[in-house]
Amino acid sequence: MKLWSGRFRKETDALVNDFNSSIHFDARLYREDIEGSMAHAAMLGEQGIISKEDAEQILAGLQEILADIEQGKIEFSADNEDIHMNIETILTQRIGAAGKRLHTARSRNDQVAVDFRLYLKRQIGEIRGELLHFQQVLLKQAKQHTETVMPGYTHLQRAQPITFAHHLLAYANMLCRDVTRLEDCMARMNECPLGSGALAGTTYPIDRFATAQELGFAAPMNNSLDGVSDRDYAIEFLSDMSILMMHLSRLAEETILWCSWEFKFIELDDAYSTGSSIMPQKKNPDVAELVRGKTGRVYGALMGLLTTMKSLPLAYNKDMQEDKEPVFDTIDTVKMCIPVFAGMIETMKVRPENMRAAANRGFINATDCADYLTKKGMPFRDAYTTVGNLVYYCQEHGKTLEELSLEELRSISDLFGEDVYEALRMETCAMSRASFGGPAKAETERQIDVIERFIEERMGKA
């Protein structure tokens, strides 16, 4: 018999029972459900709503159930619909009437809301830790390549000389924002819905501040209706994960390009590559491709939950049972992607000679040539036009800017001197870009230091 079956005179149809049940996916909330129930029971005992003896029995029974679940001794039943009713049923079977008092001054609505928030808080902490480790991997590679010159791109066309460290640090900085987005999300969800009841609180003299504190929340939620009716924190989390996966997907795309024969900037380790069933020469970047593909899966979870919530009247509706599977799937996906991606980046072999060779083609020092003339007194727009003419001349004669003779250069402008060749060297071009945030060695080292401090501050709080 179901715990809510008092006013019903028929058994639930088997198909409806299966359709309505969520135990096959919300079973993973068992720890949070028990934690929430223990805080609630302790508060009921302290407030005299139930006897202290009953509260102690409930707490002991829940502790035993937690241990048995973690030892694989308990099998949940679909007849009890969800993790909440499964645990309460088992508790009542074990300790009798005291177990039936656990649900006093509580609804499944506030029960599931607090479980879900507790679970997300825990998962955010774990994902944050994975991101900090991934940043350390990026910094490790960046430190080795502060002088490795490569082309920077716009429109996927070679644009200006940078260093490989500078490129990797762009992603390390993106991950800083991904970390702080998660921290912001955690701060906003750090309010406790327990005690909201079904929607209107309760007539019992409960202490919501005590349960909030016991469960590690900053405070109880301010409005009981809001406490059970919104999932904006889950949507915010999915949004944050979508942005994170977008960043990973962009780096995945570049990794795929870089390890192709057309670029050959890097070579992926055998342990992070796969082969072809028919082409023996192939070494495929499947890790990067899967991360790129799984990004769409996370986007789908976000759009799905936004759509589920968009027209729901207050307060709880059964539609909201659809909040967990996309969140659970996203958590599993992200927690799988980050460490395997970090391992791929950590073990890849960088080909500086190929990056440098690519920098030699594409006239990526053209801006530096214009800057050279500007520093000699020519207005920048005139310098821009002058160098454009030089590039056209080079293309007509199959040369690069630095291969032009001084005579050829002076035929365009008499401002060119012998010092132009040093100014046009790719290493000079990259290292001269010492403006804040640029690719110069001192600047990339400063950026590394900033991100290392960012990581250390958070590792210390973990």
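Predicted model: local features only at pLDDT ≥ 70, side-chain atom pairs only at ≥ 80, totals over all residues.
Residues are numbered from 1 along each chain as its sequence is written, and side-chain values use heavy atoms, with hydrogens and water left out.

Helices here are DSSP runs (H or I, at least four residues) and strands are runs of E (at least two), numbered from the N terminus. Leu302 has a relative accessible area of 13%, so it counts as buried. For the cut-offs, buried means under 20% relative accessible area, exposed means over 50%, and partly exposed is in between (1.4 Å probe, protein chains only). Not counting residues up to four places away in sequence, Leu302 touches Ile235, Leu238, Ser239 and Ser242; contact means heavy atoms within 4.5 Å. Leu302 and Glu236 are 66 residues apart in sequence, yet their C-alpha atoms are 8.7 Å apart in space.

Helix 11 covers residues 232–258. Its 27 residues reach 39 Å from first C-alpha to last, close to the 39 Å expected at 1.5 Å a residue (the expected span is 1.5 Å times one less than the number of residues). Helix 11 is largely enclosed by the rest of the structure, because 20 of its 27 residues are buried.

**How some helices pack**

Axes are lines fitted to C-alpha atoms, for helices over the stretch in contact, and angles run from 0 to 180 degrees between N-to-C directions.

| Helix pair | Axis distance | Crossing angle |
|---|---|---|
| Helix 7 (residues 108–143) and helix 13 (residues 324–347) | within 9 Å | roughly 15° |
| Helix 3 (residues 30–46) and helix 7 | within 9 Å | roughly 120° |
| Helix 15 and helix 16 (residues 380–397) | 8 Å | about 135° |

Angles under 35 degrees count as roughly parallel, over 145 as roughly antiparallel, 65 to 115 as roughly perpendicular and the rest as oblique. The contact of helix 7 with helix 13 has 18 nonpolar, three polar and six charged residues. In this scheme Ala, Val, Leu, Ile, Met, Phe, Trp, Tyr, Cys and Pro count as nonpolar, Asp, Glu, Lys and Arg as charged, and the others, Gly among them, as polar.

Helix 7 also meets helix 3, with the axes crossing at roughly 120°, which makes helix 3 oblique to helix 7. This crossing is right-handed. On the helix 3 side are Arg31, Glu32, Asp33, Glu35, Gly36 and Ser37, and they meet Gln111, Asp115, Leu118, Tyr119 and Arg122 in helix 7. By class, that contact has two nonpolar, three polar and six charged residues.

Helix 15 and helix 16 are oblique to each other too, and helix 15 passes helix 16 in a right-handed crossing. Residues from helix 15 in this contact include Cys369 and Leu373, and those from helix 16 include Phe380, Tyr384 and Leu390. The residues there divide into ten nonpolar, two polar and one charged.

Most residues other than glycine have a negative phi, and most peptide bonds are trans. Glu81 has a positive phi of about 70° without being a glycine. Its place is in the loop between helix 4 (52–70) and helix 5 (83–95), and Glu81 is buried, with a relative accessible area of 3%. Phe363 also has a positive phi, near 55°, and is found in the loop between helix 14 (352–359) and helix 15 (366–375). The peptide bond from Leu314 to Ala315 is cis, with omega near 10°. Ala315 lies in the loop between helix 12 (286–309) and helix 13.

**Two partly exposed residues**

Glu452 is in helix 20 (residues 441–461) and counts as partly exposed at 24% relative accessibility. Leaving aside neighbours within four places in sequence, Glu452 is in contact with Leu139 and Lys143.

Thr274 lies in the loop between strand 5 (266–267) and helix 12. Thr274 is partly exposed, with a relative accessible area of 33%. Again leaving aside neighbours within four places in sequence, its contacts are Lys282, Lys283, Asn284 and Asp286.

Terms used: Left-handed = near helix turned anticlockwise from the far one by under 90°.
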